[in-house]
Amino acid sequence: MLTLKQSRRLQSLLLGLLAWLVALLLFFPIFWMVLTSFKTEIDAFATPPQFFFLPTLENYLTIQARSDYFHFALNSVVISFGATLLSLLLALPAAYSMAFHETRNTQRLLLWMLSTKMLPAVGVLVPIYLLAKQFELLDSRLLLIAVYTLINLPIVVWMVYTYFKDIPKDILEAARLDGATTYQEIVRVLLPISKGGIASTMLLSLILCWNEAFWSLNLTSSNAAPLTALIASYSSPQGLFWAKLSAVSTLACAPILIFGWISQKQLVRGLSFGAVK
Amino acid sequence: MKTTPKALLLSAVTLSAGMAFALAVQAAETVTIATVNNSDMIRMQRLSKAFEDQHPDIKLNWVVLEENVLRQRLTTDIATQGGQFDVLTIGMYETGLWGAQNWLEPMKDLPANYDLEDLFPSVREGLSVKGTLYALPFYAESSITYYRKDLFQQAGLTMPAQPTWTQIAEFAGKLNQPDKDQYGLCLRGKAGWGENMALVTTMANAFGARWFDEKWQPEFTGPEWTAAANYYVDNLKKYGPPGASSNGFNENLALFNSGKCAIWVDASVAGSFTMDKSQSKVADSVGFAGSPHEVTDKGSSWLYAWSLGIPATSKHKDAAKTFVTWATSKDYAKLVADKDGIANVPPGTRKSTYSQAYMDAAPFAKVSLEMLQHADPAHPSAKPVPYVGIQYVTIPEFQAIGTSVGKLFAAALTGQMPVQQALQAAQQSTAREMKRAGYPK
């Protein structure tokens, strides 16, 4: 018969194991992608799948010789950061208004904003393509920044709104009593308190922009093509390509993965150091 | 700082040189080429430096896209007159449809040394609409039979030069040894108009079937389609590898190259891959035969050509035409032969490619050539048809219809529905779509 202490320890151990199992399950495709990138094409296609093989850098060398990786990476960085900053710039005042000056239509407005995410992207491909053509923006970074901003805006507004809602109105009222203007209220009081939440929203928006493929494949060709377009170009209708595709995918994932790892500590600290969280 | 006349002169010269260079760079036209990732196209990209050296006023900008993305992008761009590309890599299906819509520039006034008569008539006609050529062929392929000579020898079997599907089934049955991870027959099973339906349509043609009668009525419930569908499903279930319904060209290529298929019927372009020792374990024992026929050999081997076309919306038509002419010329074939060896010359488009030296270097070339010469897209079936195309039907609706029927064949293969039910469903859905599209027109 287990004592209460032993039972709790066992429960904690089992939960820990379950967490590890889920984490491994989530990580396995990434692990397999990286592993495959060091295989030859024959090894990559082998059945049963091979865990042990003679590693090769051939795929990475081929990519380096055939494609200008840094051109695509720079486009990804500019477009993702540009769209994220622009959506934050628009979302912060919108979320402030909705959270602290709520009207009876605020909830409906939020739901309506979110409903735009339910529209299949391909449904608006032709109108957006025609608009882009009309404004001579096809294959430009500016177009992707605008499109990604519009795509992510509902989520960014929702997230920032949720963080703002957790902040007691009393803090802002106190600032107002001290003579702060609306601008000072937002910049000097609200933003420092909610920086953890804003940082995590920013990271999510960055990841969504970085991974977006539908619009980047349809609206760019060469000048503004980001890393997702580079990945797609290594899929082949005739000939083996899994190893090369894995290598280029690894190269495309690496920057955002590293960025995520680096900012993880700051994010957690930002969240836990919040004044009222 | 003291300004001397010498320094001024030097500055003026430097400035003039800089401006001249800038103007020269500006003067160079940029031709944007949309292409797919396959070995011949990647080779062209690499060797096109020679073209840029010969034409310093033309700069090439390559956009490599996945095949389905390429089709979608090009369709959107052409339909909306986006003008994003100057050269398009397209197949015979798109050339026929887009040429008829005047979305492509006619390939007229080609230089005399291009030698249009050197192109195979079947390829030239496949890229023409009412006698006007709308794209120039880069390479063409037919379907052929690949088999393992060593396994045939061990079993005392001989593959005829032109086998029938009945013979293929007999051989597959004798060579099928699943316990040794060796399967008698590998065929495409993955659903799609360009995947399983390319193979199934040529098989059906060989069994005497056709997609539509003269009044555009589908014939899936007829005896010919029934015989072909039963053959396909039964034999692939009995002698095919596990999970055959998800195998396309690449999957079967990998299976064959790793020694798991005794017989494989697919595109002739795989010939060089199966013989490449860096990616094939059976490179020394591959045999080649014609695509199987049955009651007829009409339409039993497909014809497809990756070609280069110029959209009507291109802003650099002359420069694009100069490039397209170069990339599909005899000079380009010679360049490939000099740089990468004669076996790597893009196949299937020019009679002059098939020299004795080429035939010796590429053992699959003889069979491919016979199939290419035999292919007739205007007469793909033993019965009369109202359409053009061997493994496809050149109508805009075919992509959707073909993929929909392909899914039904894949469902029959996985056992989700009996063959008869799949054929009836194919008949109903195709008849409905054709009626909706307004056929007969």
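Predicted model: local features only at pLDDT ≥ 70, side-chain atom pairs only at ≥ 80, totals over all residues.
**View 1. Overall form of chain B.** The secondary structure of chain B comes to 18 helices and 10 strands, and its C-alpha atoms fill a box of roughly 95 × 55 × 45 Å along the principal axes. For 441 residues a compact globule would have a radius of gyration near 22 Å, and the 25 Å of chain B agrees with that. Of these 441 residues, 49% count as buried.

View 2. Strand E3 (residues 87–90) of chain B runs antiparallel to E10(B) and is joined to it by 3 bridges, with B:Ser307 as the bridge partner of B:Ile90. Strand E6 (residues 136–148) of chain B is also antiparallel to E10(B), here through 6 bridges, and B:Ala140 has B:Ala305 as its bridge partner.

**View 3. Two loop residues of chain B with positive phi.** B:Gln81, a residue other than glycine, has a phi near 55° and lies in the loop between helix H4 (67–79) and E3 of chain B. With 12 other C-beta atoms within 10 Å, B:Gln81 is exposed, the limit for that class being 12 or fewer. B:Asp109, likewise not a glycine, has a positive phi of about 55° and is placed in the loop between helix H5 (92–100) and helix H6 (121–126) of chain B. B:Asp109 counts as exposed because it has 6 C-beta neighbours inside 10 Å.

**View 4. A cis peptide bond in chain B.** The peptide bond that joins B:Tyr439 and B:Pro440 is cis, with omega about 0°. B:Pro440 belongs to the segment after helix H18 (419–436) of chain B.

**View 5. The side of chain A that touches chain B.** Here 25 residues of chain A are in contact with 28 residues of chain B. Helix H2 (41–45), helix H6 (125–134) and helix H11 (214–219) of chain A each supply at least two residues of this side, and H6(A) gives the most, with 5 residues. The residues on this side of chain A divide into 13 nonpolar, 8 polar and 4 charged.

Technical notes. Residues numbered from 1 in each chain as written. Chains lettered and ligands numbered in written order. Contact = placed C-beta atoms within 7 Å. Helix = DSSP H or I, 4+ residues; strand = E, 2+ residues; numbered from the N terminus. Nonpolar A, V, L, I, M, F, W, Y, C, P; charged D, E, K, R; others polar. Rg over C-alpha atoms; globule rule 2.2 N^0.38 Å. Buried ≥ 20, exposed ≤ 12 C-beta atoms within 10 Å, placed from the backbone. Pairing = 2+ DSSP bridges.
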